Number of protein chains: 2
Amino acid sequence: MDFRDFDRLNRRDIIRGTAMLGAGAAFLQPLPLFAQAGSLADIRKAAAAGKEASIKRIRDWVALPSIAAEDRNMPEGAAYFAELAKDAGFTHVEVVPTDGHPGVFATLDVGAPRTLGLYLMYDVKQYDPAEWSSPPLEGKMVERKNLGMTMVGRGSANHKGPEGTFLAAMHAIRAAGRKLPVNLVLICEGEEEIGSPHFRQLVTKPHILAALQKCDGVFMPTAMQDMEGGATIELGAKGIIELELVASGEKWGRGPKKDVHSSLKAMLDSPAWRLVQALQTLVTPDGNTPAIDGWFENVRKLSDREKAMIRDAIKHTNEAQMKDDLGVTRWIDDLSLEDAMVRLMQEPTVNIEGLVAGYTGPGGKTILPGRAVAKLDLRLVPNQTRAEATQKLRAHLDKRGFNDVEVNISGGYDPTETDENSALIRAEVATYKKLGVRPNLSVRLAGSWPGGTFTQPPVSVPVGRFGLSTGGNAHAPDEYYLIDSTNPKVAGLVDSTMGYVEFLYTLAAIK
Amino acid sequence: MDFRDFDRLNRRDIIRGTAMLGAGAAFLQPLPLFAQAGSLADIRKAAAAGKEASIKRIRDWVALPSIAAEDRNMPEGAAYFAELAKDAGFTHVEVVPTDGHPGVFATLDVGAPRTLGLYLMYDVKQYDPAEWSSPPLEGKMVERKNLGMTMVGRGSANHKGPEGTFLAAMHAIRAAGRKLPVNLVLICEGEEEIGSPHFRQLVTKPHILAALQKCDGVFMPTAMQDMEGGATIELGAKGIIELELVASGEKWGRGPKKDVHSSLKAMLDSPAWRLVQALQTLVTPDGNTPAIDGWFENVRKLSDREKAMIRDAIKHTNEAQMKDDLGVTRWIDDLSLEDAMVRLMQEPTVNIEGLVAGYTGPGGKTILPGRAVAKLDLRLVPNQTRAEATQKLRAHLDKRGFNDVEVNISGGYDPTETDENSALIRAEVATYKKLGVRPNLSVRLAGSWPGGTFTQPPVSVPVGRFGLSTGGNAHAPDEYYLIDSTNPKVAGLVDSTMGYVEFLYTLAAIK
């Protein structure tokens with residue numbers, strides 16, 4: 001799920017297809033006023049009483065980082081989360097082995113008419129303590145300007161903070177002597193940060209699949225608020241294929257198999273030039289549009305309704321500020337912001353994430369490299385599929401004689417879409433409105449996440465992300481999650497706990 | 001001077017345009033028999049007596065690495081070499097400042113009719129002690145299979161070993177009570193490993209230039225022997241321009257100035273794609289021939305005499321072994337070895353040394369890089385010049401609208417040529433023949449070195465490299481230089497000392 005890389009730049013709004021209003025929110029009120037009264041006042045009281053326990057729950061979890069890429073604390077992380085789920089009230093909790101790292105499956109059937117699915121992750125991104133201003137596993141409280149007191153730690157925003165806040169909502173409901181208004185089905189993976197390679201395997205285990213199919217929808221607890229107090233609701237996400245395109249003397253049978261002296265270029269072929277020549281066939285000469293044979297066959301253009309959403313979202317955007325924040329002076333093709341946002345939502349892309357060949361240090365080194373690699377990500381839009389795109393890329397290269405150029409796919413997701421009229425999305429909209437949070441409908445996340453695993457067969461249920469509060473630096477040093485807000489438009493821990501409570505009750509009541 | 005990178009691969013013969021006969025030299029005699037008798041027997045005796053002092057001289061020098069790229073021991077290295085020159089008998093010795101690191105200029109006028117120029121370097125390549133099996137500054141003696149006892153240390157082969165051996169020859173002549181048969185003019189630089197950026201400045205100081213112009217030729221002491229006992233005489237070298245081609249949002253005014261989330265590719269231009277598109281215009285679609293406008297205007301094809309040299313050089317080549325050593329299965333365009341060698345000598349090249357953009361670690365990272373770099377080396381042949389090539393590359397890019405793509409040149413040399421009928425080359429041939437070493441005439445070194453500084457105006461004298469013995473791993477760990485040979489065809493320290501002695505006397509006597 002790569003949308004969180006973007007948090008690093010604190011510009012999530014753009015990628016979500018909504019617009020940011022710029023910094024400097026006016027402080028209208030001294031304290032948040034989310035759901036202070038009403039029928040759930042007893043639960044709010046319990047949530048407030050449980051605040052310190054809730055902070056400790058998140059902090060202790062941050063202290064145990066599970067990192068799939070490093071095979072670090074994986075069984076421990078699954079076992080730890082299973083205990084958290086039991087504590088929160090799940091009646092069936094099961095660590096589920098996969099061919100990779102284990103997941104956790106949990107259910108809580110309260111006999112309610114509606115069942116809500118939960119998608120969680122227990123793994124976190126790698127980190128280098130030397131780059132942090134506060135120790136990454138300590139979850140220290142750090143004041144953040146114009147925001148309030150935050151917990152700083154690896155996983156605090158992504159995703160232990162929001163997930164822990166959802167667990168706090170369950171604790172609060174129980175502490176108030178109530179029973180949940182909906183049944184819960186939870187699936188938690190430990191390989192989200194490496195592209196969820198065994199997630200489908202997890203989800204399609206017969207008893208897990210059967211449980212998920214009964215859900216009215218699946219959501220991931222996420223801190224979705226922007227600094228103006230709005231919250232984005234994504235009606236889908238682009239798909240992605242991440243891959244390495246590799247040209248090598250080994251596979252090509254031309255040029256050297258290993259690096260040789262560069263003077264030999266005069267008598268030897270060059271895998272690096274081979275890569276460049278293969279690469280440049282993949283896009284139009286301006287580098288902006290995929291030119292892979294048949295790439296647009298299944299691409300669906302945005303509907304008028306979707307374009308209207310974009311117009312609505314950018315209404316109050318400060319375009320100059322947005323460009324400044326991104327470090328750009330022009331949108332692609334010198335488009336207007338609106339057209340650029342349509343393009344962002346609508347178009348598939350072939351992006352170069354990285355190029356690596358030969359000598360990459362300072363200065364030069366006179367070698368002819370035996371191998372050259374381009375790291376690409378290919379963003380897919382409905383109705384493309386990962387399988388279709390993979391096959392077309394291979395066929396495109398083969399047709400041009402690049403049979404030797406390897407396509408090594410490391411991960412990916414299909415694009416996903418959820419109907420804005422589904423109960424899940426209507427409950428999200430209604431909850432935000434009730435809490436005075438402006439819901440910003442977004443055509444789709446321009447990033448990618450494994451939501452398609454739920455929307456597509458065999459699960460086939462709506463999927464979304466939901467949650468108050470905010471956080472940042474998700475894949476970067478000093479990752480943080482808001483605990484005590486000084487911004488009246490953004491919810492702190494207790495308010496965001498109540499956000500999940502309200503959501504459960506709203507979903508239970510929705511027609 | 002980048003030809004020594006190639007030593008790392010122990011395939012110098014190819015780059016020199018001569019051919020290798022494969023490994024496994026037959027051991028015909030238990031000991032070398034170079035110049036054991038004759039008119040220089042007294043000097044040989046002195047050289048043998050001075051062997052331990054000579055080893056110590058090289059070893060002590062290895063212990064003081066001067067590394068221009070790290071600004072390490074530069075004044076110290078110049079001062080140290082100046083002392084070595086004084087000890088060897090130079091009467092005028094002068095540390096010469098430049099805008100970069102200092103050089104050393106030294107002369108010894110014995111009133112002889114002939115004057116020989118010497119080109120030396122006191123700097124060495126960077127090293128990582130962790131990669132060495134013997135400490136890089138200790139100059140330990142290590143047995144090498146099929147070769148003998150070698151000194152292992154940074155700079156031992158490149159170039160302190162051969163240079164120290166030449167100094168040993170001067171010591172031996174003096175110890176034998178003789179005076180040198182030729183006058184000497186020595187110029188030593190400390191920036192050879194970073195592309196000799198201030199060498200021209202050094203050489204054109206009026207008094208240095210005047211001294212060099214009086215030389216019959218300039219030579220660099222170098223261990224030139226192959227395992228079959230032959231030694232290559234290069235009649236020139238290709239030129240080179242090393243540069244970075246850089247595409248960036250900063251210069252382009254399109255795309256991001258820094259890395260942003262890769263999903264934004266749909267609304268932002270990509271400097272990495274810009275680089276790929278600019279790159280692919282520089283060569284033919286097969287990546288093998290420069291396609292820069294006007295590139296071949298001044299390229300001189302090989303003469304029949306030069307082609308004959310190549311035919312002669314490859315006569316005994318084991319082509320299969322050569323391919324195997326290089327890790328290749330085919331020459332460019334599926335050429336025969338002879339045609340491939342002609343191409344090696346004759347053709348200019350545009351080579352990709354390295355590609356660096358965005359994320360270069362394991363796996364992927366969903367970013368759109370703000371900057372992309374291709375490290376290129378452009379080999380030049382007579383009568384191209386570096387200035388001409390630089391201008392043509394820029395004009396080529398500009399003409400295609402790539403005005404924003406930077407060409408950052410880090411160093412380079414013009415191509416160089418020396419007449420095989422010059423006294424210098426005739427003396428080299430005659431010396432090798434006298435010592436029973438087969439001289440292999442090579443059209444040119446396919447690598448590059450600053451020899452052009454001497455052959456071109458205002459110096460305009462012949463230039464060459466000369467020397468017995470062998471060494472290897474010049475820019476790699478475990479660099480070595482032969483001291484005691486067990487291969488009867490290859491000279492150890494005393495014999496190669498005598499090689500320089502013989503060379504001086506031969507040059508003095510040549511008509």
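# Briefing: backbone, interface and salt bridges

P458(A) lies in the loop that runs between α15 (452–455) and β18 (463–466) of chain A, where helices (H or I, at least four residues) and strands (E, at least two) are DSSP runs numbered from the N terminus. The peptide bond leading from P457(A) to P458(A) is cis, with omega near 5°. This is a predicted model, in which local features need pLDDT of at least 70 and side-chain atom pairs count only at pLDDT 80 or more, while totals for chains, interfaces and linings use all residues. Residues are numbered from 1 along each chain as its sequence is written, chains are lettered from A and ligands numbered from 1 in the order in which they are written, and side-chain values use heavy atoms, with hydrogens and water left out.

**Backbone geometry**

- A cis peptide bond also joins P382(A) to N383(A), with omega about 5°, and N383(A) sits in the loop between β14 (371–380) and α13 (386–399) of chain A.
- N73(B), a residue other than glycine, has a positive phi near 55°; it belongs to the loop between α3 (51–62) and α4 (74–88) of chain B.
- With a relative accessible area of 22%, N73(B) is partly exposed, a class that falls between buried (under 20% relative accessible area) and exposed (over 50%), using a 1.4 Å probe and protein chains only.
- D478(B), likewise not a glycine, has a positive phi of about 60° and is placed in the loop between β19 (471–472) and β20 (480–485) of chain B.

**Interface of chain A and chain B**

- The contact (heavy atoms within 4.5 Å) takes 86 residues from chain A and 86 residues from chain B.
- About 6,700 Å² is buried between the two chains, 57% of it from carbon and sulfur atoms; buried area here is the accessible area (1.4 Å probe) that two parts lose on being put together, summed over both.
- Of the area that chain A buries against chain B, M267(A), W273(A) and L355(A) supply 12%, more than any other three residues.
- Between the chains there are 36 residue pairs in polar contact, both residues at pLDDT 80 or more; such a contact is a pair of N or O atoms within 3.5 Å, where within protein one must be able to donate a hydrogen and the other to accept it, and residues adjacent in sequence count only if both atoms are side-chain atoms.
- Strand β12 (residues 349–358) of chain A gives the most to the side of chain A that touches chain B, with 10 residues.
- β12(A) pairs in the antiparallel sense with strand β12 (residues 349–358) of chain B over 5 bridges, pairing being called if DSSP finds at least two bridges between two strands, and G358(A) stands opposite G354(B) in β12(B).

**Salt bridges**

- Across the interface there are 2 salt bridges, each a side-chain nitrogen of Lys or Arg within 4 Å of a carboxyl oxygen of Asp or Glu.
- D334(B) forms a salt bridge with R254(A), the closest N and O atoms being 3.3 Å apart, and R254(A), D269(A), R330(B) and D334(B) are linked in a network of salt bridges.
- D495(B) and R44(B) meet in a salt bridge at 2.4 Å, N to O; this pair links helix α16 (residues 493–509) and helix α2 (residues 41–49) of chain B, 451 residues apart, and both residues are buried.
- D377(B) and R379(B) also form a salt bridge, at 3.9 Å from N to O; D377(B) is buried at 0% relative accessibility, and R379(B) is buried with a relative accessible area of 0%.
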